[in-house]
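Hi there,

Here is the structure we talked about passing on to you. Have a look at it first, and then read my notes below.

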Amino acid sequence: MWTLLQRISKNLILAIPAMMLLGLAYGLVADARWLKSLIIPFTFLMVYPMMVTLKIRQVFEGGDVKAQVAAQAINFLIIPFLTYGVGLLFFADQPYMALGLLLAGLVPTSGMTISWTGFAKGNVAAAVKMTVIGLTLGSLATPLYVMGLMGATIDVNIGMVLSQILLIVFLPMFLGYVTQQALVKRFGREAFQKNIGPRFPALSTLGVLGIVFVALALKAHTLVGSPGLLLRILLPLALLYSVNYVLSTFVARALLPRGDAIAMVYGTVMRNLSIALAIAINAFGEKGSDAALVVALAYIIQVQSAAWYVKYTDRVFGAAPQKPAMATAAAKA
């Protein structure tokens, strides 16, 4: 079971498109309305496991202040307005799809920020800090950005947005921390970090795939009736991610050493689409399904682009420094 889940987690490039196709097929042949009852359980399954492994204490460790400040400046002073502008350009007559773009840009970082930073041999500790800080700031700022930027074009129930963020971010964060401390007390920190903690992100993958399935099933007839809609959504998403990669790479190369630079790129380009998807579906009712479709399709661009960026990391930032032979031998001993 765990082996299968971990294998799926490492192959999201294939798993997410496959689940989207399954959701599309189900929505065409069956009544998908009952799936709405699964949104809250899938949301909790998606967010809570990520919180169990979150290393909140690392936020208070120093050493990479420049990287943290640069990352959050891009995340909250540039990206929200970029996504809002692209939304106006591509979805002037479909405000809830523009909302989907905005939501995808408002909550930075996810567990994948840490994973991809590790794959690219970047500064994982810096990525952990960016994840905690970005998730917390993004959750607090999202209602303000949505109301300020889109309150005139869509019906924004600020109380509903706030309650959903409390339910799907801060409650799981609290429960995750309590769970983490209980497991560490019961089994020890080393056993938790090596054997128990790594299992939780695989559970989160089930929630992601479930939400993606529901989002596509609910919009199946719309997509089939408008086959060009997929391309119309993927184009602005591809533009957003391209600009984000170029901007973050330029800033990272100019300001930071290799390890911090890689963490900053993934700390600004990787968005917490799980939380964005949950907010779109839970806080905006039936109309939120348009926003949810945009966020669901963003998974395709995000996962694929992150994988390709790892392959070209050494060309962009140079090869990772090799450990001295004596240190390597000592570590093995």
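Is the crossing of α12 and α13 right-handed or left-handed? The crossing of these two helices is right-handed (a crossing is left-handed if the near helix is turned anticlockwise from the far one by less than a right angle, and right-handed if clockwise). Helices here are DSSP runs of H or I with at least four residues, numbered from the N terminus.

Before going further, please note that this is a predicted model, in which local features need pLDDT of at least 70 and side-chain atom pairs count only at pLDDT 80 or more, while totals for chains, interfaces and linings use all residues. Residues are numbered from 1 along each chain as its sequence is written, and side-chain values use heavy atoms, with hydrogens and water left out.

How far can you trust it? The pLDDT is the predictor's confidence in each residue, from 0 to 100. Its mean over the chain is 85, and 95% of the residues reach 70 or more. Residues 325–333 have a pLDDT below 50, and beyond near neighbours in sequence this stretch has one contact in the model (contact means heavy atoms within 4.5 Å). Where pLDDT is low, the predicted coordinates should not be read in detail.

Now back to the helices. Two packed helices are described by the angle between their axes and the distance between the axes. Axes are lines fitted to C-alpha atoms, for helices over the stretch in contact, and angles run from 0 to 180 degrees between N-to-C directions.

The axes of α12 (residues 229–255) and α13 (residues 258–269) come within 9 Å and cross at roughly 155 degrees. The two are therefore roughly antiparallel (angles over 145 degrees count as roughly antiparallel, under 35 as roughly parallel, 65 to 115 as roughly perpendicular and the rest as oblique). Among the residues that meet are Y241 and Y245 in α12 and M264 and V265 in α13.

Next, α3 (residues 39–52) and α14 (residues 273–283) have axes that come within 10 Å and cross at roughly 160 degrees. That makes α3 roughly antiparallel to α14. Here the crossing is left-handed. The contact includes I39, I40 and M46 of α3 and I275 and I281 of α14.

Being four residues apart in α3, F44 and Y48 are separated by about one helical turn.

Finally, α5 (residues 95–106) packs against α15 (residues 288–317) at about 45 degrees, with the axes 7 Å apart. That makes α5 oblique to α15.

Happy exploring!
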